[in-house]
Every structure is written in structure tokens, then in C-alpha cells.
Amino acid sequence: MRLILMGPPGAGKGTQARVIAAELGIPAISTGDLFRAHVAKQTPLGIEAERFMSLGEYVPDSVTNAMVRDRLDEGDARGGFLLDGYPRTLAQVEELDVLMTARGIALDAVILLIVDGDEIVERLLRRGATEGRTDDNERVIRRRLDVYAEETEPLLLNYSRRGLLTEVFGAGPPTEVTSRTFAALQRSGLMVPNPSRGQPRSGFEGAQPSSRSTT
């Protein structure tokens, strides 16, 4: 199965990505992890990305796209993957489409975690207090949420029109959010129950895009 996981900062994407990917037996691929790995290894792409990251600037699409392209060509991603943090722009959406078409594969679903803005602010304020992050104040957090909404609206419209977008209520315990996600994928025909474990599993390889659903 080939998935994209989207959601605002503080929606719990990292936690859900790890759990969902492990259940489906596919790698969770985070652009943040890719940046850190390339920088740590001082690869040519990592050196290029570090130049921008050290200045607090946006890493160019050309660098991010190349990192994602190389990662999707690794053996563990050939049977499926879950992308977390990519794509972030319409240009990246187009690049991912080209990349996947060239490999004869297609997205199965785009999962959007829906969480109320006030709850996200509370989550991030608690995290900031725990981790000593003074930049996580309410004004900064709400600005980040506004920027996220502005940046992702065109992507969500794009995937919705293509029948790929599945919205999942992201509040509550992580286990409940995971269950809602699996239930949404199951209703879309992308997963079937696994009798031996009582958990969902991948329905079929190379699933066709689902119609939009909301959980």
C-alpha cells in the first residue's frame, strides 16, 4: 500500500506513521528523518540541505525531491510506503506523480488527521513546557497552524478531487486514532480484516485510488 499522511503540527503524525507502517509492513518515510540522515552522512544532498537548514531557510524542492526519489528506490519501499511530511507543495505533488508514474505505481490514499486548533495549541504548549522549548508559545503555534493551512489547502483540494483524500478524526488516545484510520482504509476497500490477529491488513497490492471518505 502506498500512502501519504498529512495533518497540522501537533496532530500526532509521527506516532501514527510508525504504528500504521509497522502494521502494514511498509516503511514510514519522513522528510525530517531524510534530512537528518543525509546531513549526518554528509552526502552531497545532505551538504546542500544543510546550507539552507543552518540559515533557517526552506530546503529547495529539487533537494527534497531527490532525497525522496532515492529513498523510494530502496528495496523496502518497492512494495509500499507511507510518506510523512511530503509532499508539502503542489510542485512536490507533481514531482511525486511523475516519479510514481515512471515506476508504474500509484497512490492508494492520502490520510488527513483532523484535530481542533485549540487542542493542538494545548498539546504543543504542554510539549514545549516539558521539553523547555520557549519558542512554543501560543502566538507562534497559532501562526504555524495558519501557515500550514495556507500551504496545504491546494494539496488537499488536489487529492480530494482525485478521490484520494480520507479524513480521520485525530483527537483522543493514539490507539483510537489508529483504529479509526484502519477502519477508514477498510471501508475504502484498501484493507481487509486479518482473522489471525484481529487487526486490519493490506487488502491487495496495487490498489486503485479510493473515493473520499471521512471518519
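The legends below describe close-up views of a predicted model.

View 1. Strand 1 (2-6) runs parallel to strand 3, and the two pair over four bridges. Leucine 3 has leucine 82 of strand 3 as its bridge partner. Strand 2 (residues 28-30) also pairs with strand 3 in the parallel sense, over three bridges. In this pairing, serine 30 stands opposite aspartate 84 of strand 3.

**View 2. Side chains of strand 3.** Side chains in a regular strand alternate between the two faces of the sheet. In strand 3, Phe81 and Leu83 point one way, whereas Leu82 and Asp84 point the other way. Phe81, Leu82, Leu83 and Asp84 are all buried.

**View 3. The largest nonpolar core.** This core has 31 residues, of which Leu72, Leu83 and Leu96 touch the most other members. At least two core residues come from each of strand 1, helix 2, helix 3, helix 4, strand 3, helix 5, strand 4 (109-114) and helix 7 (138-161). Helix 4 gives the most, with five residues. Another core, of 26 residues, lies apart from this one and includes Ala11, Ala21, Leu24 and Leu124.

**View 4. Surroundings of leucine 96.** Leaving aside residues up to four places away in sequence, leucine 96 touches Ile4, Leu72, Leu83, Tyr86, Pro87, Leu107 and Tyr159. Leu72 and Leu83 are, with Leu96, the residues that touch the most other members of the largest nonpolar core.

View 5. Tyrosine 86 and proline 87 are joined by a cis peptide bond, with omega about 0°. Proline 87 lies in the loop between strand 3 (81-84) and helix 5 (90-102). Both Tyr86 and Pro87 are touched by leucine 96.

**View 6. Packing of helix 3 and helix 4.** The axes of helix 3 (residues 44-53) and helix 4 (residues 61-72) come within 10 Å and cross at roughly 145°. The crossing of these two helices is left-handed. Leu45, Gly46, Glu48 and Ala49 of helix 3 meet Val63, Ala66, Met67 and Asp70 of helix 4. By class, five nonpolar, one polar and two charged residues make up this contact.

View 7. Glutamine 42 is not a glycine, yet has a positive phi of about 55°. The residue is found in the loop between helix 2 (31-41) and helix 3. Because its relative accessibility is 41%, glutamine 42 counts as partly exposed.

Technical notes
Residues numbered from 1 in each chain as written. Predicted model: local features only at pLDDT ≥ 70, side-chain atom pairs only at ≥ 80, totals over all residues. Heavy atoms only, no water. Axes fitted to C-alpha atoms, helices over the stretch in contact; angles between N-to-C directions. Left-handed = near helix turned anticlockwise from the far one by under 90°. Contact = heavy atoms within 4.5 Å. Nonpolar A, V, L, I, M, F, W, Y, C, P; charged D, E, K, R; others polar. Buried < 20%, exposed > 50% of the residue type's maximum accessible area, 1.4 Å probe, protein only. Core = buried A, V, L, I, M, F, W, Y, C linked by side-chain atoms within 4.5 Å. Pairing = 2+ DSSP bridges.
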